[in-house]
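Here's a quick walk through one structure, a few spots at a time. Have the model open and follow along.

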Amino acid sequence: MYILYLDESGNHAEASHFVLAGLAVFEREIHWFSQDLDSLQLEYLPEEIEPVHFHAARLRVRDGDKVEAPWEKLPREKRLELKDRVYDIIRGRRGVLFGCAVEKRYSALRREDPYERAFEDLISRFDLFMSRINRYAISENREEQRGLVVLAESSYEKTIAILARRLRETGTRWGQLRNVTEVPLFAPASATRLLQYADFCANAIYGRYHSKLTGDFDKIAGKFDQDSNILHGLAHLTTDPYCSCLACFSRRSRPPNLPPI
Ligand SMILES: [Zn+2]
């Protein structure tokens with residue numbers, strides 16, 4: 001089974017973009033990802049016994065602003081070093097990234113909710129990824145895999161549960177879902193290490209689109225789902241028809257016989 005862990009960024013009013021993003025991992029990899037964060041905690045915060053919630057925004061806090069416990073024990077340079085090391089893990093381990101950045105002006109013009117739009121987009125992308133995985137599996141006489149989505153708990157839980165049921169029954173705007181057929185699970189990010197990585201993914205994408213900060217994004221950009229040099233794992237829904245970001249550039253240059261997302 002592949003599990004796609006997703007978290008959101010850009011929910012506050014002044015954010016220009018809303019981002020839903022995260023990583024899909026094969027079930028056996030979960031242990032290694034979790035162990036990596038446990039090791040970082042032991043190295044940087046050895047006196048903390050309980051698992052500490054890793055959260056990208058809390059590690060980024062500027063000097064002079066309030067730093068939440070237990071991160072106030074680390075000077076800023078150590079917090080930033082730790083943040084970089086989390087992105088190193090995402091870059092180095094076997095996981096595939098998915099992200100959707102929705103410009104709020106884009107969704108407002110269409111009277112769409114950015115979370116719902118991003119969720120539909122990502123579930124469709126994940127389903128296509130699973131179709132590809134299963135095509136390889138069938139061709140090599142291996143067992144087919146299913147896809148499951150786990151979302152960080154949020155105020156959207158009810159809406160998304162209803163939307164997910166509709167997408168399962170009637171398909172997305174791009175067609176029927178074939179491999180992702182379970183109800184998405186909602187879990188607290190504080191208790192799920194993989195959702196904490198999803199937060200770092202969403203935060204890097206948000207930084208790229210809202211603040212034009214590309215450092216963290218560039219570090220993980222090569223991990224977005226791609227096949228035959230076509231980027232499938234990242235979408236940018238924008239009102240700018242000439243946007244030259246990685247996602248828009250790839251979308252404009254893809255062959256016309258491929259599905260529209
Ligand atoms: Zn773009």
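## Loop residues with positive phi

N229 sits in the loop between β6 (226–227) and β7 (230–231). Keep in mind that this is a predicted model. The phi angle of N229 is near 65 degrees, a positive value in a residue that isn't glycine. Is N229 buried or exposed? N229 has 8 C-beta neighbours inside 10 Å, so it counts as exposed; the cut-off for that label is 12 or fewer.

K212 is another one to click on. You'll find K212 in the loop between α7 and α8 (215–220), and its phi is near 60 degrees, again positive in a residue other than glycine. K212 counts as exposed because it has 8 C-beta neighbours inside 10 Å.

Now over to P70, in the loop between α2 (56–60) and α3. The thing to look at here is the peptide bond from A69 to P70: it's cis, with omega near 0 degrees.

R111 belongs to the loop between α4 (104–109) and α5 (114–139).

## How α1 packs with α3

How do α1 and α3 run relative to each other? The axes of α1 (residues 30–44) and α3 (residues 76–92) come within 11 Å and cross at roughly 160 degrees. That angle makes α1 roughly antiparallel to α3, because angles over 145 degrees get that label. The crossing itself is right-handed.

Zoom in on the side chains that define this contact. From α1 come D36, L40 and Y44, and they meet K78, L82, R85 and I89 of α3. By type, the contact residues split into 4 nonpolar and 3 charged, with no polar ones.

## Inside the core

The largest nonpolar core has 65 residues, and the ones touching the most other members are L6, L20, A21, F126, A198, C201 and I205. Which helix gives the most to this core? That's α7 (residues 193–210), with 11 residues.

A198 is a handy place to start exploring. Leaving out residues up to four places away in sequence, A198 touches Y5, L6, D7, A21, G22, L23 and A152. Among these partners, L6 and A21 are also on the list of core residues that touch the most other members.

Definitions and conventions. Residues numbered from 1 in each chain as written. Predicted model: local features only at pLDDT ≥ 70, side-chain atom pairs only at ≥ 80, totals over all residues. Axes fitted to C-alpha atoms, helices over the stretch in contact; angles between N-to-C directions. Helix = DSSP H or I, 4+ residues; strand = E, 2+ residues; numbered from the N terminus. Parallel < 35°, antiparallel > 145°, perpendicular 65-115°, else oblique. Left-handed = near helix turned anticlockwise from the far one by under 90°. Contact = placed C-beta atoms within 7 Å. Nonpolar A, V, L, I, M, F, W, Y, C, P; charged D, E, K, R; others polar. Core = buried A, V, L, I, M, F, W, Y, C linked by C-beta atoms within 7 Å. Buried ≥ 20, exposed ≤ 12 C-beta atoms within 10 Å, placed from the backbone.
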